[in-house]
Amino acid sequence: MSANNPMEQFAIKTLHPISVLGQDVSFTNSALWMLIALGVIAVFLVVGTMKPQLVPGRWQAALEYVYDFVVGVVDENVGPKGKAYVPLIFSVFVFVLACNLLGLIPWVGSFTPTSHIAVTLALALIVFAIVVLVGLINHGLRFLTFFWPKGMAWPLALFIMPIEVVSFLVRPFTLAIRLFANMTAGHVLLKVFGTFVVSLGSFGALPYVFGIVPLGVNVALSALELLIALIQAYVFALLASIYLNDAINLH
């Protein structure tokens with residue numbers, strides 16, 4: 001593919017071919033960077049908790065801030081019953097955040113796993129499956145009353161119920177597409193404007209005139225993409241908390 005092709009950065013490349021029972025389960029660049037994300041998270045957690053102090057150092061303070069942030073999200077959207085699920089939301093948040101941020105590192109051939117729908121859909125389906133299990137474990141078949149609006153007249157309820165069921169079933173897909181689309185679009189813009197910097201900046205004696213504008217735009221887009229990486233991790237965790245609330249505090 002062309003070096004100027006903005007979609008080249010999303011190509012899945014096989015690093016080590018593996019076949020199991022005739023199925024291709026090769027180790028790819030996407031798998032590599034997800035493992036790197038897990039490694040970064042592990043280091044962050046180990047260093048942050050290695051020597052806990054009453055007056056926390058930088059690493060401990062950073063870890064406590066992230067954890068308190070997630071606790072706040074869960075408390076606000078689920079309530080006291082959500083404390084048992086803080087580890088789940090924390091894990092989802094830090095993993096998505098690490099994948100988003102690692103993909104922004106330049107010059108090292110970084111890859112953003114969350115720019116692929118297969119990865120984001122897998123994460124969303126895991127969250128969705130846990131939500132359904134929590135709902136069934138806590139409420140049994142009564143969990144199905146979630147789709148039946150309380151106090152609504154039968155004729156109208158029979159019309160609304162299929163809409164509620166469809167709305168519930170599309171949750172993992174909307175959750176996955178939102179993250180995938182935002183990360184993909186941002187990286188494409190960065191690649192396009194980065195190409196402009198090189199192309200327009202090579203015009204003879206006027207490289208600064210032609211290259212400075214796209215360079216400035218690229219710097220601004222990089223800052224914006226960093227913000228989007230943070231926001232999308234937050235949104236993913238927030239929606240997971242809201243879905244858990246529906247399963248725990250059945251209305």
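Predicted model: local features only at pLDDT ≥ 70, side-chain atom pairs only at ≥ 80, totals over all residues.
**Entry 1: α2 against α3**

I began with helix α2 (residues 58-77) and helix α3 (residues 86-102), whose axes come within 9 Å and cross at roughly 120 degrees. That angle makes α2 oblique to α3. I noted the crossing of α2 and α3 as right-handed. On the α2 side, I found the contact made by Leu-63, Val-66, Tyr-67, Phe-69, Val-70, Val-71 and Val-74. On the α3 side, I listed Val-86, Ile-89, Phe-90, Phe-93 and Val-94. Sorted by class, the residues of this contact are twelve nonpolar, no polar and no charged.

A reminder to myself: an α-helix has 3.6 residues a turn, so residues three or four places apart point the same way.

**Entry 2: α1 against α3**

Next I turned to helix α1 (residues 29-50), which packs on α3 at an angle of about 120 degrees, the axes being 9 Å apart. I therefore put α1 and α3 down as oblique to each other. Here too I have a right-handed crossing, with α1 passing α3. From α1, I wrote down Trp-33, Met-34, Ile-36, Ala-37, Leu-38, Val-40, Ile-41 and Leu-45. They meet Phe-90, Val-94, Phe-95, Ala-98, Cys-99 and Leu-102 in α3. My tally for the contact of α1 with α3 is 14 nonpolar residues, no polar and no charged.

**Entry 3: along α5**

Last, I looked at helix α5 (residues 154-169) on its own. At 1.5 Å a residue, its 16 residues should span 22 Å, and the end C-alpha atoms are 22 Å apart, which agrees. Where does the kink in α5 lie? I placed it at Ile-160, shortly before the proline Pro-162, with a bend of about 30 degrees.

Conventions. Residues numbered from 1 in each chain as written. Heavy atoms only, no water. Axes fitted to C-alpha atoms, helices over the stretch in contact; angles between N-to-C directions. Helix = DSSP H or I, 4+ residues; strand = E, 2+ residues; numbered from the N terminus. Parallel < 35°, antiparallel > 145°, perpendicular 65-115°, else oblique. Left-handed = near helix turned anticlockwise from the far one by under 90°. Contact = heavy atoms within 4.5 Å. Nonpolar A, V, L, I, M, F, W, Y, C, P; charged D, E, K, R; others polar. Expected span 1.5 Å × (residues − 1). Bend = angle between axes of the 7 residues up to and from the residue.
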